[in-house]
Amino acid sequence: MHHWRIDDARQTLVLAATGERLPQVVYWGPALPAQENLATLHATHAIDVTGGMLDANPDLSLCPEATRSFPGQPGLIVRDGEGTPLLPKFCYDSESNGNDLRLIYRDAANGLTLTFIFALDPDTHIITAQTVLDADAPVHLHWLAAPVLPAPQHSGEMIDFSGRWCGEFQTNRTAWSAGMRYRENRTGRTGHEHFPGLIIPCTGATNTQGEAYGFHYGWSGGHRMIAEELQDGRRQIQWGHAARMETEAATQFKTAPLYITYSPSGLNGCATAFQRHLRDRIITWPKPDAPRPVHYNCWEAIYFDHNVPALKDIATRAADLGAERFVLDDGWFGQRDDDTRSLSDWTVDPRKYPDGLHPLIDHVHGLGMTFGIWFEPEMINPDSDIHRAHPDWALGGEDQTLGRQQKALNMALPAVRDFLYDRMSAILREHPIDYIKWDHNRVLPMPDAAQTRGSYALIDRLRADFPQVEIESCASGGGRVDFGILQRTQRVWLSDSNDALERLRIQHNAALFLPLSVTGSHVGPRYCHTSGRMHDITFRAWVAAQRHMGFEMDPRELTDKEATVLRHVTAWWKANRDWMQRADILRLDSADPAVIAEQQLAADGARFVVFAGKADTSAQIAPRPLRLTALDPNAQYLISLANQQDIHHLSRGTPALKSGPVTLTGRYLMANGITLPWSFPDRMWVLEGKKL
Ligand code: DGJ
């Protein structure tokens, strides 16, 4: 019998193996006392056998084996170099327990070795788990699961994520039943449709209470998730690259890191573990302590119609609103007058920039802003000089269906990566640029893991040579959001929807994984270009102020009143960003389904801000109290309404908050909640709290 335990202050994961067999997770949940007898726990974990069953139940191991009569999906499907299916059966080989726990198992008959790696971060409560397959001779991989985990029994449903362009991070709740929920993303990028995350709430869990388990697969090339309930009632969770993404036989394959956590404090316990781990462990910040700068992005102001005097005027106005970084979007290179041409012709367009980019950059710098620029490196238009010169650099067949009139480049080719490095580094060397918006606007013609590895290699090379340049991951908005890309980038363009109402919901759900510091959010045009709706400037401004704030409208359209609101909210954001970019985003359990609310709690618990977005009209006529969370029950908090000036005259009553700050205990605020003034839909209340 072998046993291993992985512990932090809030969770324990116990692995146990019978004899030489692969280990299985026999416990994962609240931290167990040190004296727990793991052998007894393992023996007790075994489920009974009755008629119609095998004489013993096959283990739900870290890599369930078909050869051991496991009745569900196996963790490994592999063929030898000639294509003959292998039926692996692994036995204990060795282990090591240094910075991480490594368990090594060997299938001598087939010449295969499996290594399971677990690393626990006791501060963030994230366990990182990975599986590596080594083969003595090249093999073809069909499927390799990251360490396979059991799902809790006391859970009625799972929550996963789908979406679309301008509608990212939609949650799906699926009831557990016999059989499996199988999600496979074969698009070759993380995708709007398939954010690789899963939350399993235990019965009764909400945002703020109960138990939940969180999973995220950190890979940008498309994944497979299996959540399967076996006939005997056991449940397994498998994650890996989408099947058959490895097109060549090889002697080593690795899964991406799988990030998992157990939460005793509802969905928020998972959310804050992921937020902190991403911000503090995964992202590499060029200037870790610098405040996140307010962005201005020109895309929705000018699209492809670049002209230096207009851009200078826009930049001047953006700086006046409070912007600190100016990002020049698509349209500056080749002959890019629309989206049908020039991708991969990465030289400045002399028709639009007769004196190059320097005059604009100098102007931007003169306003005290830094300068960022857009690229879409992995892509090529058939109508481009590079495609005419190197048609063989494109990925996929001649007769493929284009996406936004473009093809992907074959990033597995060193020549393609060298070409992109040369063009991009030439722009970065010649200009003082501190930011790249890195776009990826189409799915691949077929999934191919080598493509993702090629993208990663290019980013890694550029980052090594330009360590001060930050990168934003964009793919038609939130089509490439995952911890694999965020190991190499510092921001995500969460959605192309600048519609504040849509954004409120998208941000709320994305906060299950993403902290403020990486989540871009811009104030869009008055008349939203992607939804056709109009929203009041206060709502647009406060929704952007919930995350890494920026502007994307044409500032020439702003009325004086709108500009005043933007200056005010931006100043508020700058005054608070220091602590907000280190805060936890906690989703609140709103008693009113029309209200989407969150509480950003400072790392030291000394202050918080609540954003309560009214996403609809309410069924009842007056607002219901909003319960806060994670406060010190015995402490007093001074609570005030930050946007008092947004109270409408139709709000005629006298809730105390309307006339000034109130002091209440954490207990009251969490048990009863705080009653906000009445408001129209599509409005935000912003509540500030300070611990006294
Ligand atoms: C899609 C992005 O999501 C937009 O923000 C913008 O950069 C366009 N591409 C430019 O083509």
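Predicted model: local features only at pLDDT ≥ 70, side-chain atom pairs only at ≥ 80, totals over all residues.
Residues are numbered from 1 along each chain as its sequence is written, and side-chain values use heavy atoms, with hydrogens and water left out.

**Figure 1. Helix 1 and its buried side.** Helix 1 covers residues 38–45; helices (H or I, at least four residues) and strands (E, at least two) are DSSP runs, numbered from the N terminus. Look for Leu-38, Leu-41 and His-42, which are buried. Buried means under 20% relative accessible area, exposed over 50%, and partly exposed in between (1.4 Å probe, protein chains only). Why do these residues sit on the same side of helix 1? Because they cover an arc of only 100° around the axis, the arc being that of the directions from the helix axis to the C-beta atoms. Turned away from that buried side is the face with the exposed residues Ala-43 and Thr-44. The buried residues of helix 1 pack against strand 1 (2–7), strand 2 (11–17) and strand 3 (24–30), where contact means heavy atoms within 4.5 Å.

**Figure 2. The N-terminal cap of helix 1.** Asn-37 does the capping here, with a side-chain oxygen 2.9 Å from the backbone nitrogen of Ala-39. For polar contacts, the rule asks for a pair of N or O atoms within 3.5 Å; within protein, one must be able to donate a hydrogen and the other to accept it, and residues adjacent in sequence count only if both atoms are side-chain atoms.

**Figure 3. Where domain 1 meets domain 2.** On the domain 1 side, 39 residues are in contact with 42 residues of domain 2. Together the two domains bury about 3,400 Å², with 63% of it on carbon and sulfur atoms. Phe-169, Arg-189 and Leu-278 supply 20% of the area that domain 1 buries against domain 2, more than any other three residues. Buried area is the accessible area (1.4 Å probe) that two parts lose on being put together, summed over both.

**Figure 4. Polar links across the same interface.** Between domain 1 and domain 2 there are 19 residue pairs in polar contact (both at pLDDT 80 or more). Which elements supply at least two residues each of the side of domain 1 that touches domain 2? They are strand 11 (167–175), strand 13 (197–201), strand 14 (212–217) and helix 2 (266–282). Helix 2 gives the largest share of that side, 8 residues. The rule also finds 1 salt bridge across this interface, a salt bridge being a side-chain nitrogen of Lys or Arg within 4 Å of a carboxyl oxygen of Asp or Glu.

**Figure 5. The salt bridge of Glu-157 and Arg-173.** The structure holds 44 salt bridges, and in this one the closest N and O atoms of Glu-157 and Arg-173 are 2.5 Å apart. The pair links distant parts of the chain, with Glu-157 in strand 10 (residues 157–164) and Arg-173 in strand 11, 16 residues apart. Glu-157 counts as partly exposed because its relative accessibility is 24%. Arg-173, at 51%, counts as exposed.

Figure 6. The side chains of Arg-325 and Glu-470 meet in a salt bridge, 3.5 Å from N to O. This pair too links distant parts of the chain: Arg-325 belongs to strand 20 (residues 325–328) and Glu-470 to strand 25 (residues 470–473), 145 residues apart. Are these two residues buried or exposed? Both Arg-325 and Glu-470 are buried. Another pair to look at is Arg-351 and Asp-349, whose closest N and O atoms are 2.6 Å apart. Asp-349 counts as buried, at 1% relative accessibility, whereas Arg-351 counts as partly exposed, at 45%. Back at Arg-325, salt bridges that share partners join Arg-292, Arg-325, Asp-434 and Glu-470 into one network.

**Figure 7. Two serines with positive phi.** Ser-69 has phi near 65°, a positive value in a residue other than glycine. Ser-69 lies in the loop between helix 1 and strand 4 (76–79) and counts as partly exposed, at 42% relative accessibility. For Ser-342, phi is near 80°, again positive in a residue other than glycine. Ser-342 is in the loop between strand 20 and helix 5 (358–366), and is buried, with a relative accessible area of 3%.
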